[in-house]
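Please look over the sequence and the model before reading on.

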Amino acid sequence: MRLAEYIAAIAVAVLGVAAIGLARQLPYRAEFGVGPGFFPLWLGVVLVILSAVLVRSIWQADRQPATPSEPATDEPAPNQIIPAAEARKPWLIFLVSTAAVVLLFSYLGMVISMGLFMLVTVRWVAGRSWRASLAYAVLSPIAFYIAFGVLLSVPLPVGPFGF
């Protein structure tokens, strides 16, 4: 089983290196801001880094002795059957919230709609606490705005409050 994990991690690294190589053939910047080579280049870099992290974690797991562990309390036991309606609920919430963001994006702007989307998905799809959900709902749009709106000067949709 570990061999398959190593092969998958190496395949992701090869994909990342290929993306970097192909992205270097495209212009990194354009007259209006970032060019067509920006995203594939950095996507390739992230893939290579994540592949290295994955290989390291697999290697560390191979070095640790196997110990029996208790199943997590919030996850069902392997032989427990989850009702179909309960299994579909997170997906339904995610799809409805995604559709709502698409419909409201031009009216509320990027910051507010992304914050609401993060609040709903982190709270009801990921099942995190209200504190964590609010932190994601506030910090994610701010980080996105700083990265794209400020540093890269990409024009983002503005809502009724000017952001």
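The model described here is predicted. Helix H1 (2-23) has 22 residues and reaches 31 Å from its first C-alpha to its last, close to the 32 Å expected at 1.5 Å a residue.

Within H1, the residues Ala 9, Ala 13, Gly 16, Ala 19 and Ala 23 are buried. Because they cover an arc of only 120° around the axis, they lie on the same side of H1. An α-helix has 3.6 residues a turn, so residues three or four places apart point the same way. H2 is included in what covers the buried residues of H1. On the face of H1 turned away from its buried side are the exposed residues Leu 3, Ile 7, Ile 10, Val 14, Leu 15, Val 17 and Leu 22.

A search of the whole structure finds four aromatic pairs. One of them is formed by Tyr 28 and Phe 38: the ring centres are 5.5 Å apart and the planes stand at 55°, so the pair is tilted. This pair links distant parts of the chain, with Tyr 28 in the loop between helix H1 (2-23) and strand S1 (29-30) and Phe 38 in helix H2 (residues 38-63), 10 residues apart.

The two residues of the pair are listed below with their accessibility.

| Residue | Relative accessible area | Class |
|---|---|---|
| Tyr 28 | 36% | partly exposed |
| Phe 38 | 17% | buried |

Phe 38 counts as buried because its relative accessible area of 17% is under 20%.

Note on methods
Residues numbered from 1 in each chain as written. Predicted model: local features only at pLDDT ≥ 70, side-chain atom pairs only at ≥ 80, totals over all residues. Heavy atoms only, no water. Phe/Tyr/Trp six-rings, centres within 6.5 Å; stacked < 30°, edge-to-face > 60°. Helix = DSSP H or I, 4+ residues; strand = E, 2+ residues; numbered from the N terminus. Buried < 20%, exposed > 50% of the residue type's maximum accessible area, 1.4 Å probe, protein only. Expected span 1.5 Å × (residues − 1). Arc of directions from axis to C-beta. Contact = heavy atoms within 4.5 Å.
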